[in-house]
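Thanks for coming. I will go through one structure this morning, element by element, and stop at the end for comments.

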Amino acid sequence: MKPIYKLSGVRVSDLALSILMIFAAIILFSNLATWGVTETSEARYAEISREMYLSGDYMHPRLLKIGHYHKPPLTYWITAFAYSIFGVTAFAARFFLQVALLIQIYLVYRLGQLLFKNSEAAFHSACIYFAFPLVIISSRALTTDAYLTTTVLASIFAWIKYKKGRGIINLYFFYTCMGLGMLIKGPVAFIAPVTVAVASHWLIKKDGRNMIKHHLAGVLILLTVGSSWYIMLWKENHDFFNYFVVDHIFNRFMTNNFGRRQPFWFFIVVAIITTFPWFVMIVNVLFAKKKTAILKLLLIWVFVPLCFFSLSSSKLILYILPIYAGMALAAAYMWHNMILMHKQWLTAYSVFTVLILLGLMLAPLLDKSLLFNTEVYFLVCGVGLVILIAVLLKWHRHKLSLIYYQVLVTSTLTLFSSLLFSSNPEKLHDQKNLAAFISSIPGVDQVYVYNELLPSLAFELNKDIISVNAGSSHLFRETRFEEECSWEDYFIGEEKLNKVNTKESAFVMDEKDGISEEVQGLLCKYSKKRHIEGWVVFYNGRSIYL
């Protein structure tokens with residue numbers, strides 16, 4: 001591998017990393033607030049965090065006034081902290097996601113330094129990681145996955161430092177980070193770190209120290225940090241044990257209770273598309289007879305969790321995000337060791353990019369409802385121009401052209417997506433415009449939403465809304481842990497609509513929904529209605545919305 005070059009006493013790749021981090025921050029934070037929180041996952045996390053922030057109850061997550069314990073609270077705590085700084089906005093909800101991604105880029109770089117002892121290869125690992133579209137996707141909407149991946153990478157980094165003899169404190173940090181991961185998404189936080197730890201114990205030379213006492217102390221820290229919230233809830237209600245272990249661990253893995261079933265090969269296809277061409281390259285060397293210990297470790301990091309999640313019945317694309325750092329490191333390692341044919345892979349990626357470009361340009365023709373403004377058009381054309389310039393300048397002659405080319409393409413598409421999102425709120429189920437209209441109606445104290453779970457509207461209004469349950473599966477709510485009845489004021493049946501004060505309220509429903517006689521009788525009491533992005537708002541008074 002290449003030596004580490006230095007410039008005025010500073011490693012060139014360290015300086016390059018700083019430039020990459022600044023560039024990434026500009027891309028990530030640009031236009032971050034131009035679209036509202038989107039249904040369903042982001043709106044749910046953002047609204048739970050809003051209610052937590054306003055109520056001051058940080059132990060009991062609530063969604064539209066009803067307890068929602070599907071996930072541990074650390075993501076909500078982070079988001080609520082952002083609200084305390086920036087206010088309750090979409091920008092605040094996503095702010096620390098961008099910070100988390102920047103930390104991930106840094107950790108990939110540091111892991112590359114530890115494993116490769118080559119800062120140039122480490123820097124290229126960071127570039128490849130930033131260029132993965134799925135990594136960018138994880139920062140565009142509030143979910144647990146970006147935060148979980150940050151704790152996973154931090155724990156793996158600490159473990160590798162410990163194995164390299166960098167101090168016992170790293171062993172304790174390894175367990176602490178896994179505990180934090182458990183407070184983000186439960187035991188799934190252990191899969192990648194434990195896989196890497198076991199593999200490295202086998203592949204990396206042991207130092208002969210007896211560390212059993214330190215491991216036991218580390219496990220104690222992990223359990224103290226990771227299980228603290230679960231134990232607190234279990235003490236309040238012993239049914240929580242069955243709820244977490246059976247409903248949200250066993251059933252998520254074994255059943256389709258959450259409606260997320262996908263075929264076994266689903267994640268393999270996701271990995272191929274979102275890392276092309278790197279995943280294909282990695283598979284090519286998977287069965288090679290001669291592999292270094294480092295490459296074996298990275299391949300185990302990638303493929304063991306990939307197989308685990310492929311066996312699960314419940315699948316969402318971000319579940320495999322923690323393996324992408326392993327793929328970036330493996331890709332950079334192979335690239336620097338000349339295992340690959342650089343020119344051919346650059347050509348393949350150029351063709352792949354052209355296909356993406358054509359798809360984006362044809363999208364408005366295939367879907368007439370998709371808005372495609374001038375700025376977006378020129379950005380798409382810009383991607384095409386990049387390809388043209390690359391061909392004219394014959395980038396394929398440069399060994400590192402594919403890596404830098406991917407960074408440029410992904411960054412351009414990230415900016416493009418931000419503009420596309422802001423132009424198509426209905427496609428994203430973004431209720432920003434709906435909330436703006438309702439806010440413009442004077443005297444509206446209560447907002448009723450008919451037969452839909454719409455946390456994005458509550459978030460954008462920054463006020464509690466009332467859900468009217470008419471039997472929709474979307475409105476299934478778990479109320480078994482509710483000790484008080486106050487939630488019943490915010491989750492009502494149609495029989496209670498006769499008590500609605502139409503002079504001080506607005507009634508929102510889907511344009512496609514049918515209505516019962518009770519609802520029809522209520523709607524007759526509203527003098528006006530407005531259609532907005534697939535919704536109908538019934539109200540009295542005069543809106544100042546343009």
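**Helix packing and backbone exceptions**

Gly-56 is partly exposed, at a relative accessible area of 45%; on this scale buried is under 20%, exposed is over 50% and partly exposed is in between, with a 1.4 Å probe and protein chains only. Gly-56 belongs to the loop between helix H2 (41-55) and strand S3 (62-63). Helices here are DSSP runs of H or I with at least four residues, strands are runs of E with at least two, and both are numbered from the N terminus. Between Gly-56 and Ala-80 there are 24 residues in sequence and 9.7 Å in space, C-alpha to C-alpha.

Now the ground rules. This is a predicted model, in which local features need pLDDT of at least 70 and side-chain atom pairs count only at pLDDT 80 or more, while totals for chains, interfaces and linings use all residues. Residues are numbered from 1 along each chain as its sequence is written, and side-chain values use heavy atoms, with hydrogens and water left out.

The overall figures. The protein has 22 helices and 10 strands. Of its 546 residues, 54% count as buried. Taking contact as heavy atoms within 4.5 Å, residues 24 or more positions apart account for 75% of the contacts with a separation of 6 or more.

Next, helix pairs. Two packed helices are described by the angle between their axes and the distance between the axes. The axes are lines fitted to C-alpha atoms, for helices over the stretch in contact, and the angles run from 0 to 180 degrees between N-to-C directions.

Take helix H7 (residues 145-163) and helix H8 (residues 169-185): their axes come within 8 Å and cross at roughly 165°. H7 and H8 are therefore roughly antiparallel. The cut-offs are under 35 degrees for roughly parallel, over 145 for roughly antiparallel, 65 to 115 for roughly perpendicular, and oblique for the rest. The crossing of H7 and H8 is left-handed, meaning that the near helix is turned anticlockwise from the far one by less than a right angle; clockwise would be right-handed. Residues making this contact include Leu-148, Ala-158 and Trp-159 of H7 and Phe-173, Phe-174 and Ile-184 of H8. By type, the residues of the contact of H7 with H8 are 13 nonpolar, 4 polar and 3 charged. In that count Ala, Val, Leu, Ile, Met, Phe, Trp, Tyr, Cys and Pro are nonpolar, Asp, Glu, Lys and Arg are charged, and the others, Gly among them, are polar.

H7 also packs against helix H9 (residues 191-203), at an angle of about 20° and with the axes 9 Å apart. That makes H7 roughly parallel to H9. This crossing of H7 and H9 is right-handed. Among the residues in the contact are Val-152, Trp-159 and Lys-163 of H7 and Pro-193, Val-196 and His-201 of H9. The contact of H7 with H9 divides into 8 nonpolar, 3 polar and 1 charged.

The contact of H5 with H18 has 8 nonpolar residues, 4 polar and no charged. Leu-408, also in H18, is partly exposed at 33%. Leu-408 is 277 residues from Ala-131 in sequence and 8.0 Å from Ala-131 in space, C-alpha to C-alpha.

What span should the 27 residues of helix H4 (residues 90-116) have? At 1.5 Å a residue the answer is 39 Å, and the end C-alpha atoms are 39 Å apart, which agrees; the expected span is 1.5 Å times one less than the number of residues. Of those 27 residues, 22 are buried, so H4 is largely enclosed by the rest of the structure.

Last, the backbone. Most residues other than glycine have a negative phi, and most peptide bonds are trans. Lys-117, in the loop between H4 and H5, has a positive phi of about 55° although it is not a glycine. Lys-117 is exposed, at 65%. Asn-31 likewise has a positive phi, about 60°, and is partly exposed at 33%. The peptide bond from Glu-39 to Thr-40 is cis, with omega near 5°. Another cis bond joins Phe-276 and Pro-277, with omega about 5°; Pro-277 lies in the loop between helix H12 (266-275) and helix H13 (278-286).

Comments, please.
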